[in-house]
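Keep the sequence and the model at hand.

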Amino acid sequence: MDLTQAYRRGETEGLLRLDANEGAPPRPELMELLRDCPAEALRRYPDARALERQIAESLDLDPGCVLVTNGGDDAIDRAIRAYAGVGAGAEGSRAGGVALHAPTFSMTHRYSALAGARERATPWLRGEFPRDRFLEQGRSANLAVLTTPNNPTGLQIERRLLCRLLDELAPVPVLVDLAYLEFAMVEDAPRAELCRELLEREHVLIVRTLSKAYGLAGLRVGYALGSPARIERLRAQGSPFPVSAISLILAAKALEFGPDRDDLRNCSRRRVDLGRRLQALGLESPPSSANFALGIGGRAEQLVELLRERGVAVRAFPELPGLRITCPSSSEDWAELTAALSDIELVWNQQANQQGDQAERGSS
Ligand SMILES: Cc1ncc(COP(=O)(O)O)c(C=O)c1O
């Protein structure tokens, strides 16, 4: 990875933005809070303790088990630096590095590289999670990272396998990135129960975010969960005031409301439909449990361009090769995307028919 090149989102001005897995627009009630934000909140350094207590209470955890971070990104960065970075201390001679599955969230790769940690990647693009290979890599790593549902594939590690893996990886610290969990588990109680079950293991840390199901990527609020000792270690790894006061106020309200369940259910229907449409265009599409679908295949690059010509921005993954399309949350955006895909399918079918005719004439 070239660390002199920053991650930059592609230009999306004037396009339908389906390139960054952002969720449905936030509730109007949150906008009212913005207007009423007290001046004192702007004057003082922000204090995330109330939000940490609120999150802990909602999950039935000790408040010391929660660290509010500047998006999930910040939690991942802190965890990698804490356990596999230059300053990792006695526990982490850097040699073990970070075990992860690939492809995964691009910033996880980048934070590992920035921390100077060796990346131990296990390929996982399709099918079942490659448990044996991952264990081989993970057992001698300083930190293992499991992202489920994974980005960009949308694949999930089945719950029993995940728990077994965590047990088998102990005592290696494992960061479980659950950024897209709401799209796989719509109801609040089972999500909380899953987090508690994973956290029964002292070596486990969890990453969560308000950027996806809550539609609040602009707030930059995420959080890490773990044992009080591990959370304290993550807290020491970064800025003491990572989240603005305004973001803390809005996040508290958003968490009180919870994500929009109708939107989550809508998304689970649309991602299946989107997967089928990608398959109809000749791409492979793994079953997604997140708010996007991945298309893999040689024509992905061309499809990205054709969608852009039709006003739709999606994320290209030339290294797969593939493209990832975020499920639009509104009916209008869904109609725009599906019209663009149908149009491209029509054009490609016409081209295929013409080529077929030419081949037939050539052979006769
Ligand atoms: C798997 C995964 N984890 C974490 C994040 C971080 O999200 P944020 O920093 O916006 O909370 C993302 C964002 O795309 C993601 O895809």
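Helices (H or I, at least four residues) and strands (E, at least two) are DSSP runs, numbered from the N terminus. This is a predicted model: local features need pLDDT of at least 70, side-chain atom pairs count only at pLDDT 80 or more, and totals for chains, interfaces and linings use all residues. Residues are numbered from 1 along each chain as its sequence is written, and side-chain values use heavy atoms, with hydrogens and water left out.

- Side chains of opposite charge can pair when their charged atoms come close.
- A salt bridge here is a side-chain nitrogen of Lys or Arg within 4 Å of a carboxyl oxygen of Asp or Glu.
- The whole structure holds 29 salt bridges.
- Arg 164 and Glu 168 pair at 3.9 Å, N to O. Both sit in helix α7, four residues apart, about one turn of the helix.
- Arg 159 pairs with Glu 193, with the closest N and O atoms 3.5 Å apart. This pair links distant parts of the chain: Arg 159 is in helix α7 (residues 159–169) and Glu 193 is in helix α9 (residues 188–199), 34 residues apart.
- Arg 201 and Asp 167 form a salt bridge at 2.7 Å, N to O. Here too distant parts of the chain are linked: Arg 201 is in the loop between α9 and β7 (204–209), Asp 167 is in helix α7, and 34 residues separate them.
- Shared partners join Glu 187, Asp 188, Arg 191, Arg 261, Asp 262 and Arg 265 into one salt-bridge network.

**Exposure of the paired residues**

- Buried means under 20% relative accessible area, exposed over 50%, and partly exposed in between (1.4 Å probe, protein chains only).
- Arg 201 is buried, at 14% relative accessibility.
- Arg 159 is partly exposed at 27%, and Glu 193 is partly exposed at 41%.

**Helix α13**

- Helix α13 spans residues 300–309, and its buried residues include Ala 300, Leu 303, Val 304, Leu 306 and Leu 307.
- Their cover includes α12 (261–280), β9 (292–296), β10 (312–317), β11 (322–326) and α14 (331–363), where contact means heavy atoms within 4.5 Å.
- Gly 311 follows α13, with a positive phi near 90 degrees.
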